[in-house]
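Look at the sequence and the structure below. The paragraphs that follow go through a ligand site and then a sheet.

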Amino acid sequence: MADIAIKNVIKRYGDTQVIHGVSIDINDGELIVIVGPSGCGKSTLLRMVAGLEAISGGEISIAGRVVNRLEPKDRDIAMVFQNYALYPHMSVFDNMAYGLKIAGRPKEEIRERVEKAAKLLELSALLERRPRQLSGGQRQRVAMGRAIVRNPSVFLFDEPLSNLDAKLRVQMRLEIRQLQRSLATTSLYVTHDQVEAMTLADRLVVMNQGVAEQIDTPINIYDRP
Ligand code: ADP
Ligand code: ADP
C-alpha cells in the first residue's frame with residue numbers, strides 16, 4: 001500500500017508564494033496526472049513529494065507516514081526526469097544498476113533486477129551501449145528502467161516525454177500506461193500536454209497559478225458539455 005496524501009501544501013520562494021494550499025489524495029496503484037501551463041507549480045509540487053524541495057506549509061504522507069522531513073534516499077520513491085539524467089560515461093547496464101549499487105545490494109540481485117527490467121523495456125540487447133549510442137526513446141526507457149529496478153512503491157514523472165518527437169511520444173505514452181498498469185505503482189505524472197494527460201490519467205489535477213482547480217477523471221473534466 002502506498003497511498004499519498006498531500007494536505008494543504010504551501011510553497012514560498014522568498015516572499016513569493018507559488019503553491020497555495022494544494023490537497024490531493026492519491027489511491028494506492030493510481031496514476032494521477034498534474035496538468036497545467038508552464039510556471040503553474042507542477043514541478044515544484046512533484047519535487048516536494050520527492051523530497052527534493054522543502055515545503056513551506058502543510059503535510060505530505062506516503063502510506064500513512066509523514067515524509068516532510070525524510071531525506072530523498074529514505075523515501076520509497078523513484079523519479080523519471082525530462083532530460084533522463086543518464087550518466088554519459090556509463091553503460092546502459094550501469095546506468096540502470098547505479099541506484100542499487102549505491103544502496104549496496106548484492107551483485108547477483110542487481111544483475112537479476114536489471115535484466116528483468118531490461119526485458120520488460122526491450123533493452124536486453126542494448127545493455128553494453130552508452131547513452132549517446134541510443135535513440136531518444138531508448139534513452140527514455142533506460143531512465144524508466146533505472147526507476148523500475150528499485151521496485152519503488154511510488155513513481156514520479158516530470159515531463160518524461162517532452163524531449164521526444166510526436167510519434168515517439170504517442171508510443172511511449174502507451175508504454176508508460178501499460179507499465180504503470182502492470183506494476184500498479186502509485187504514480188504522479190506532470191505534463192503541460194492535455195492530450196498526454198487525458199490518455200494517461202486515472203484522475204487529473206488541473207493546476208493554475210499554484211492552485212489545484214479541478215481533481216477528477218479525464219471524462220468528467222473534458223467531456224462534460
Ligand atoms: P511548472 O512546473 O508548472 O512549469 P514550476 O513549479 O517550475 O512550474 O514553477 C512554479 C513557480 O515557481 C514559477 O513561477 C517559477 O518561476 C517559480 N520557481 C520555481 N523554482 C524556483 C526557485 N528555485 N526560486 C524561485 N522561484 C522558483
Ligand atoms: P566486476 O568486474 O566489478 O566484478 P562484473 O564482472 O559483474 O563486475 O561485471 C562487469 C561489468 O559488466 C559491470 O560493471 C557491468 O557494467 C557489466 N555487466 C554485468 N552484468 C551485465 C549484463 N548482464 N549485461 C550487460 N552488462 C553487464
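A polar side-chain atom of Glu 115 is 2.5 Å from a nitrogen atom of ligand 2, a polar contact (a pair of N or O atoms within 3.5 Å). Arg 111 has a side-chain N or O atom 2.4 Å from a nitrogen atom of ligand 2. The protein buries 55% of the 540 Å² that ligand 2 exposes when taken alone, by the Shrake-Rupley method with a 1.4 Å probe. Two elements, α2 (92-102) and α3 (107-120), each give two or more residues to the shell around ligand 2; helices (H or I, at least four residues) and strands (E, at least two) are DSSP runs, numbered from the N terminus. The shell, counted within 4 Å between heavy atoms, holds two nonpolar residues, one polar and six charged.

This is a predicted model: local features need pLDDT of at least 70, side-chain atom pairs pLDDT 80 or more, while totals for chains, interfaces and linings use all residues. Residues are numbered from 1 along each chain, chains are lettered from A and ligands numbered from 1 as written, and side-chain values use heavy atoms, without hydrogens or water.

Six strands make an open, mixed sheet in the order β6-β7-β8-β3-β9-β10; strands pair if DSSP finds at least two bridges between them. β6 (77-80) and β10 (211-216) are at the edges with a single partner strand each, so one side of each lacks a neighbour in the sheet. Parallel strands β3 (residues 31-35) and β9 (residues 203-208) are joined by four bridges, and Ile 34 has Val 205 in β9 as its bridge partner.

Notes:
A polar contact is a pair of N or O atoms within 3.5 Å; within protein, one must be able to donate a hydrogen and the other to accept it, and residues adjacent in sequence count only if both atoms are side-chain atoms. Ala, Val, Leu, Ile, Met, Phe, Trp, Tyr, Cys and Pro count as nonpolar, Asp, Glu, Lys and Arg as charged, and the others, Gly among them, as polar.
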